[in-house]
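Here is a short report on a ligand site, a strand and a helix. Look over the sequence and the structure, then read on.

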Amino acid sequence: MSVPLVDGFGRVHRDLRISVTDRCNFRCTYCMPEEGMQWMPRGELLSYEELARVAGVMVERFGFDSIRLTGGEPTIRAHLPVLVRKLSELRVPGADGGPDRPIDLALTTNGATLRTVAHDLADAGLRRINISCDSLRRDRFQAMTKRDELDAVLDGIDAAIEAGLDPVKLNVVAMRGVNEDELVDFAVFGREKGITVRFIEFMPLDAQQAWTNDQVLTQAEILDTIGAVFPLEPVDRPGYRGSDPAERFRYLDGGGEIGVIPSVTHAFCATCDRVRLTAEGELRSCLFALDAHDLRGPLRAGAGDDELAAIVEGAVAAKWAGHQINQAVFIRPTKSMSQIGG
Ligand code: SAM
């Protein structure tokens, strides 16, 4: 029997984001500087056994049913399929003594190495995947990522589809003055490939702290631009979106759907069901949390599951109502998206 992990605002937590590394093979300009990032020493990262141990507590004690691996770039950590297999073997306890069930295991990646690992990941039990790509133009892609890897990423998308990962979704950070002229190109790309493209509002989590509000391409602007070419309607009735960060919109002509993650203009904190585990074993109850709860120390000191579970409960009990971006009281976390796990 698992016990729901509820915070002070009545939100039940079931979704764990695990960062497997703070390192990345790209240098996306809105995420980290080209030079000078300080990587975590390898010995300070949780081992795959330690990550699986924490995940096991979350699933078995608290009924977590969804785990997403991220980073940094998760595919550059050696033998990632080994971790995927360990996590895919976790079973979510059934409600009221009913049968247990598998967890929903997903990965967020920049896609550059997927041609070599997509099949191994799928064989190890990965179900679905989000691939990030912010430009379909080679020069711009290189300028944004500091890597000439657009072809590898596009090939990685095909590799993920061929490996049977389902759904394959494409994440695009939409930024004014950077890639706003590609919104319709991305819509066309998604329609042709049969995949959902999700546009993410730019958040104040860049390592260089250069974020300004006017760089945020808003959900309203994204929908207006794409809807003018391919008319759209909301998929969910107002108030029925659940804990999905993306608001979904379908093309009226039946060409599939897009998502928008409006973290800045329409925050979804009220329905947040996530906790995050950083690569070095900090539990964070929000991407923007200013406090972190160390699990690595207790893990390496031989803590039992009860002790780990108590730390998790304490972290979630203290979770705040929301991140307050755009309000005078907002304070940026000192860590960037790549260090926390996006
Ligand atoms: N390396 C993997 C990838 O590229 O997907 C996983 C980590 S990355 C930090 C996860 C996602 O966060 C990517 O889609 C990336 O574009 C997005 N991201 C990074 N910094 C962001 C920011 N400041 N605002 C919005 N999204 C951001």
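## The ligand site

A polar side-chain atom of S132 sits 2.5 Å from an oxygen atom of the ligand. This model is predicted: local features need pLDDT of at least 70, side-chain atom pairs count only at pLDDT 80 or more, and totals for chains, interfaces and linings use all residues. Residues are numbered from 1 along each chain as its sequence is written, and side-chain values use heavy atoms, with hydrogens and water left out.

| Residue | Protein atom | Ligand atom | Distance |
|---|---|---|---|
| S132 | polar side-chain atom | oxygen | 2.5 Å |
| E73 | polar side-chain atom | nitrogen | 2.9 Å |
| T109 | backbone N or O atom | oxygen | 3.4 Å |

On its own, the ligand has 550 Å² of accessible area, and the protein covers 95% of this. Such areas come from the Shrake-Rupley method with a 1.4 Å probe; for residues, only the protein chains shown count as cover.

Around the ligand are 19 residues. A residue counts as near if one of its heavy atoms lies within 4 Å. Y30, G72, E73, S132 and M203 come nearest. The shell holds eight nonpolar, nine polar and two charged residues. Here Ala, Val, Leu, Ile, Met, Phe, Trp, Tyr, Cys and Pro count as nonpolar, Asp, Glu, Lys and Arg as charged, and the others, Gly among them, as polar. β7 (104-109), β9 (168-174) and β10 each supply at least two shell residues.

Helices (H or I, at least four residues) and strands (E, at least two) are DSSP runs, numbered from the N terminus. Strands pair if DSSP finds at least two bridges between them.

β10 (residues 196-201) pairs with β13 in the parallel sense, over four bridges. V197 has I258 of β13 as its bridge partner. β12 (residues 247-251) runs antiparallel to β13, also with four bridges. R250 stands opposite E257 in β13. Five residues separate β12 and β13 in their hairpin, and G254 in the turn has a positive phi of about 85°.

How many of the five residues of β13 are buried? Four are. Buried means under 20% relative accessible area, exposed over 50%, and partly exposed in between (1.4 Å probe, protein chains only).

## Helix α1

Helix α1 (residues 48-62) is also mostly covered, with 11 of its 15 residues buried. Among them are Y48, E50, L51 and F62. Just after α1, G63 takes a positive phi of about 70°.

Conventions
Polar contact = N/O pair within 3.5 Å; in protein donor to acceptor, adjacent residues only side chain to side chain.
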